[in-house]
Amino acid sequence: MESRMLATWALLCVLLRPSATQNTAPEGVLNCCEGDVLFLLDSSGSVSSYEHSRMLAFLSELLLPFSLGEDQVRVGLLQVGTRPRLEFGFDAHGAQSGLQGALRNVKPLRGDTNTVEALRMAKERALRPGAPGGAREGLPRVLVWLTDGVKPGDVIGPMAELREEGVAVLVVSTGHGNYQVLRQVVSPPVENHLYFVDIDDMSIITEDLRDAIIEIIRAERITVRDVATDSATLQWRPVLSGLTGYYEIRFSSLPPGEAGGGGGGGGGGTSPSTSGSQYQRLTQSAESSTARLTGLKPDTTYTATLTPESNDQAFNTLSITFKTKPEVLSPAVVTVSESGQTSVRVSWGPSQPEAVTSYYVEYSALPRGKLHAVTVGRTQNSTLLRDLQPDTTYLVTVSARYASGTERAMSVKVCTQEVTPALADLQLTTVGSDAVQVDWRSSPGSLRGYWLTWEGRQSSVPGQRSFYLPPGSLSTRLTRLPPATRVCVSPIYRTARGEGLCCTAQFNSNALPYGYQS
């Protein structure tokens with residue numbers, strides 16, 4: 001009898017012993033996701049203390065496998081009662097230890113089921129991107145409502161507003177009423193986001209609900225950046241971080257008109273996912289999150305696949321399609337700067353020192369000037385052309401000589417500035433008490449005339465007088481001038497006015513009218 005009792009006690013100990021794998025994270029969940037999940041927990045008077053504790057235990061089990069943090073999953077809890085209360089926001093717990101301890105300390109609110117007010121708080125505070133302690137910009141937002149289904153209130157409108165703002169709504173009901181209301185508030189598909197379960201059997205939906213949340217906030221994504229003519233960078237979430245394994249990357253070009261497939265990078269092979277096309281393959285360590293794809297062809301569509309390989313967990317293969325930039329051979333643009341009378345700077349781009357061996361710059365005056373040439377090193381993208389003729393149009397051709405033997409050239413017209421000599425001399429000779437003889441001497445140049453101005457500094461008649469004189473003029477007479485008249489003469493050229501000279505005439509009388517005599 002005693003041995004039979006001992007055997008029975010041993011059997012009971014085995015049955016009651018906690019499972020060694022009870023807290024083991026389900027496969028493929030850890031480090032899988034990035035998003036903000038808010039739980040709306042009914043803790044009004046219709047929910048007993050026992051039911052409330054069972055719901056919290058369910059949440060503890062549901063959330064245990066997730067990695068928490070700023071770049072992972074964040075969790076918030078909002079309780080429903082007469083006066084709803086945000087127990088903790090998204091920024092409260094960055095580790096499972098803190099979250100699990102907070103769940104154990106949550107107390108029920110009791111009172112009425114004021115779900116409408118709780119939804120208003122969720123919309124305006126917790127789930128609003130950018131709000132203090134609110135959701136993150138650009139990441140999935142999920143609202144999971146745990147209710148007993150008793151008198152939920154007029155929740156259809158507020159729930160619709162949340163869904164319109166991009167919030168995914170899931171519902172778990174421990175009662176079996178108000179089905180029509182609850183099915184209207186969840187995000188489609190209803191069969192994946194609405195659960196009816198007895199309070200003592202909530203654990204049977206844990207895995208399904210967790211999978212539904214993961215499907216919404218799964219962060220297994222791959223992007224392409226720094227796309228060039230012959231290279232691109234793949235970037236992904238490091239789902240293998242902390243695990244043993246590696247990433248396998250394949251990439252290949254797609255035939256024209258085809259919009260799908262896989263790829264690789266490194267060795268050669270033929271992948272069924274690329275319709276028999278040649279692919280390249282490379283591998284990256286488990287801690288990597290980027291890979292540079294090189295040796296690509298310009299203006300070509302590629303497909304790439306990323307497969308996380310690990311014996312610890314199973315991951316999906318991710319794929320992406322991108323197109324390289326068209327090849328832009330230098331010189332694609334030629335510009336002119338620092339234009340002077342005898343020199344001008346010519347620049348070109350883009351700079352391609354890795355492909356170009358040298359640049360050859362030819363220039364000649366139009367229409368039939370002598371041809372000049374200068375060779376420029378491959379690292380330079382400009383040169384100063386000297387000893388040019390003033391006021392002359394030149395044709396400049398920049399040719400790039402590539403290591404492959406090809407050449408590319410581009411031509412532009414440039415103009416040197418006109419020589420505009422200053423006035424050589426200016427003399428004023430007073431004639432009587434109110435007139436002056438103005439004589440000047442100009443420098444050689446393509447004169448178009450002269451501009452003469454005068455102004456009386458001690459006159460009751462304000463203002464300045466001016467007039468034009470033809471290029472053959474070298475003198476003129478101004479009459480009836482006021483005392484201390486300032487006279488200026490400037491040479492006029494085709495493109496600009498040259499530097500002039502000024503003199504002041506002094507008189508003893510006060511003649512008011514202005515005049516001149518050639």
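Mentor: Before we look at any sheet, keep in mind that two strands count as paired if DSSP finds at least two bridges between them. Keep in mind as well that this is a predicted model.

Trainee: With that rule in hand, in what order do the three strands of the open sheet stand?

Mentor: The order is β15-β16-β19, and the strands of this open sheet pair in the antiparallel sense. At the edges stand β15 (333–337) and β19 (382–385), and since each has a single partner strand, one side of each is left without a neighbour in the sheet. From one strand to the next, the twist averages 20°.

Trainee: How many bridges join β16 to β19, and which residue of β19 stands opposite Arg-345?

Mentor: Strand β16 (residues 344–349) is joined to β19 by four bridges, the two running antiparallel, and the residue opposite Arg-345 is Leu-384 in β19.

Trainee: Turning to β8, which strands does it pair with?

Mentor: On one hand, strand β7 (residues 222–225) pairs with β8 in the antiparallel sense over four bridges, with Ile-222 having Trp-236 of β8 as its bridge partner. On the other hand, five bridges join β8 to strand β12 (residues 290–294), again in an antiparallel run, and here Leu-234 stands opposite Ala-291 in β12. Strand β8 (residues 231–236) is mostly covered, five of its six residues being buried.

Trainee: How should I read a pair of packed helices, and what do α2 and α3 show?

Mentor: Two packed helices are described by the angle between their axes together with the distance between those axes. For helix α2 (residues 49–63) and helix α3 (residues 96–104), the axes come within 10 Å and cross at roughly 170°, which makes α2 roughly antiparallel to α3. The contact is made by Leu-56, Leu-59, Ser-60 and Leu-63 on the α2 side, and by Gln-96, Leu-99, Gln-100 and Leu-103 on the α3 side. Sorted by class, these residues are five nonpolar, three polar and no charged.

Trainee: Are α4 and α5 roughly parallel or roughly antiparallel?

Mentor: The axes of helix α4 (residues 115–126) and helix α5 (residues 156–164) come within 9 Å and cross at roughly 15°, so α4 is roughly parallel to α5. Their crossing is left-handed, and the contact is made by Val-116, Leu-119 and Lys-123 of α4 with Pro-158, Met-159, Glu-161 and Leu-162 of α5. In this contact, five residues are nonpolar, none is polar and two are charged.

Trainee: Where does Tyr-493 lie, and is it buried or exposed?

Mentor: Tyr-493 lies in the loop between β27 (485–492) and β28 (501–505), and with a relative accessible area of 4% Tyr-493 is buried. Leaving aside neighbours within four places in sequence, its contacts include Glu-418, Pro-421, Leu-447, Arg-448 and Gly-498. The C-alpha atoms of Tyr-493 and Tyr-450 are separated by 8.8 Å, although the two residues are 43 residues apart along the chain.

Definitions and conventions:
Residues numbered from 1 in each chain as written. Predicted model: local features only at pLDDT ≥ 70, side-chain atom pairs only at ≥ 80, totals over all residues. Heavy atoms only, no water. Axes fitted to C-alpha atoms, helices over the stretch in contact; angles between N-to-C directions. Parallel < 35°, antiparallel > 145°, perpendicular 65-115°, else oblique. Left-handed = near helix turned anticlockwise from the far one by under 90°. Contact = heavy atoms within 4.5 Å. Nonpolar A, V, L, I, M, F, W, Y, C, P; charged D, E, K, R; others polar. Buried < 20%, exposed > 50% of the residue type's maximum accessible area, 1.4 Å probe, protein only.
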